[in-house]
Amino acid sequence: MTGPLPQDLIDRENAQRLGALEDDYASLERALARRGRSIDKVKDAVKAFAVAVPTWGLGIGGTRFAKFPLPGEPITPHDKLEDAAVVHQLGRATPTVSPHFPWDKVADPAALREAAGELGLGFDAVNSNTFQDQPNQSWSYKFGSLTHTEKAVRDRAIEHNVDCIDLGVALGSKAITVWIADGSNFPGQQNMTAAFDRYLDSMSQIYAALPADWRMFMEHKLYEPAFYSTVISDWGTNLLAAQQLGPKAKCLVDLGHHAPNTNIEQIVARLARFGKLGGFHFNDSKYGDDDLDTGSINPHQLFLIFNELVEAAARADGDLDPAYMIDQSHNVTDPIESLLLSAAAIVGSYAKALLVDREALTQHQDANDVVMAFSDLRRAYEIDVAPILGMARYELGGAIEPIETYRRSQWRPRKAQERGRASGAAGIV
Ligand code: LRH
Ligand code: MN
């Protein structure tokens, strides 16, 4: 297993924990066998599961108020790949990174692809950025990008997205994620239908530039930075656009982009049912688009989302292939530790969803046996799947306890010696 950390450190740390892990695994194996479930089947599914990390989540994040840099945090795209490789070497669930342009723009994308390959990494969906004006940009996205009233500005935004596709092709990516901040802050400021029509026209031009085997993920968001209306504000608008644009156009569900208490698992079920579920930006939130660690606030919702995904996969017989990606802002933790915890929360929710007794659930649902149907889900949710995740990581050459092993590696203090200091400028990155 290649990776930036010495493998013998991981092996030494694992050796101290293997006995306890094997004991826990055997006891869970017996408990699941009594329920007619095969622990190894779930372990194999967990070993095959992968979620991408966001390059912008490897550095410290901030808010409009402040950002507090972490000594040793990654500065350059290559630094970010190194840290992503540490997350994958220890957690064995994050073999790809999702880049953001121009934040990750490099002169030689082929060299970046090669560097990633040497670190055991690949590239997932690329992300465009028409929500910020770049230094000495002669036009502005202040009043929108792909939906701006001026054709010249829309054309620059379309051009940028096509550039991102070209960069993605050079990196070996197979999809582009398009999130736009376009919207309004005052009633009357924008003709909301005309804006949506401009969006469809611009996106159809980007769609036309997609390579044959690519997908385009459109990301809806209720509000922020626009605070009265957002052009792509919800899953319904997103679905209409995806159906209008064509088969390569899919909807991306960022968990933080909905009103509080929205039933996101039902949105997932709907989009999957109509073949338009393109992927996820996993994170968690209590109020707005807080971009907190996945599963840290509402782990039950994450489980219910994977319950719908397992259900849909059984129905779609293999035609359901959402892109799993994390999109978080790490303001007060070491990003590597947060990504390790978040990847485990995501894989753990998947494992619990695989342990739902679907036959019993369907019978209880059809019989309107409410308590038993609810209990079929709750019983699976309450299973401690940590031994399955630990054994999967161990068998894949990763760490049984990733956080402890990461801290033992002294990676961050060592990088603090090598790397410069990140800027403290406020903002999400
Ligand atoms: C918008 C968003 C989008 C990214 C950005 C970093 O809130 O979720 O996915 O481009 O965060
Ligand atoms: Mn997102």
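Predicted model: local features only at pLDDT ≥ 70, side-chain atom pairs only at ≥ 80, totals over all residues.
1. The axes of helix 8, residues 264-273, and helix 9 come within 8 Å and cross at roughly 20°. Because angles under 35 degrees count as roughly parallel, helix 8 and helix 9 are therefore described as roughly parallel to each other.

2. Which residues make this contact of helix 8 and helix 9? From helix 8 come Ile264, Glu265, Val268, Ala269 and Ala272, while helix 9 supplies Gln301, Leu304, Ile305, Glu308, Leu309 and Ala312. Sorted by class, the residues of the contact of helix 8 with helix 9 are eight nonpolar, one polar and two charged.

3. Helix 9, which spans residues 299-315, also meets helix 12, residues 370-381, and here the axes come within 11 Å and cross at roughly 115°. Angles of 65 to 115 count as roughly perpendicular, and so helix 9 is roughly perpendicular to helix 12. The handedness of the crossing of helix 9 and helix 12 is right-handed.

4. On the side of helix 9, the contact with helix 12 is made by Pro299, His300, Phe303, Leu304 and Asn307, and on the side of helix 12 by Leu377, Arg378, Ala380 and Tyr381. By class, the residues of the contact of helix 9 with helix 12 divide into six nonpolar, two polar and one charged. Leu304 of helix 9 is listed in the contact with helix 8, and Leu304 is listed again in the contact with helix 12.

5. The next points concern empty space. Rolling a probe the size of a water molecule over the atoms shows where empty space is left. In this model, the second largest pocket holds about 630 Å³ of space. Its lining has 37 residues, and those that lie nearest the centre of the second largest pocket are Ala344, Ala386, Leu389, Gly390 and Arg393.

6. Which elements give two or more residues to the lining of the second largest pocket? They are helix 1 (7-34), helix 2 (39-48), helix 3 (77-91), helix 9, helix 10 (335-354), helix 13 (386-395) and helix 14 (402-409). Helix 10 gives the most to this lining, with nine residues. The lining of the second largest pocket divides by class into 24 nonpolar, six polar and seven charged residues.

7. As for cavities, a search of the whole structure finds one of 30 Å³ or more, and the largest cavity has a volume of about 30 Å³. The largest cavity is lined by Lys221, Leu222, Tyr223, Gly256, His257, His258 and Asp289, and these lining residues divide into two nonpolar, three polar and two charged.

8. The last points concern the backbone. Most residues other than glycine have a negative phi, and most peptide bonds are trans. The peptide bond from Phe101 to Pro102, however, is cis, with omega near 15°, and Pro102 is found in the loop between strand 2 (96-98) and helix 4 (109-118). A cis peptide bond also joins Glu224 and Pro225, with omega of about 10°, and Pro225 lies in the loop between strand 7 (215-219) and strand 8 (229-230).

9. Where is Asn136 placed? Asn136 belongs to the loop between strand 4 (126-127) and helix 5 (151-171), and, although Asn136 is not a glycine, Asn136 has a positive phi of about 50°.

Note on methods:
Residues numbered from 1 in each chain as written. Chains lettered and ligands numbered in written order. Heavy atoms only, no water. Axes fitted to C-alpha atoms, helices over the stretch in contact; angles between N-to-C directions. Helix = DSSP H or I, 4+ residues; strand = E, 2+ residues; numbered from the N terminus. Parallel < 35°, antiparallel > 145°, perpendicular 65-115°, else oblique. Left-handed = near helix turned anticlockwise from the far one by under 90°. Contact = heavy atoms within 4.5 Å. Nonpolar A, V, L, I, M, F, W, Y, C, P; charged D, E, K, R; others polar. 1 Å grid on protein atoms, 1.4 Å probe; cavity = no way out; pocket = protein on both sides within 12 Å on 5 of 7 lines; lining within 4 Å. Points joined across faces, edges and corners; volume = space filled by probe spheres on them.
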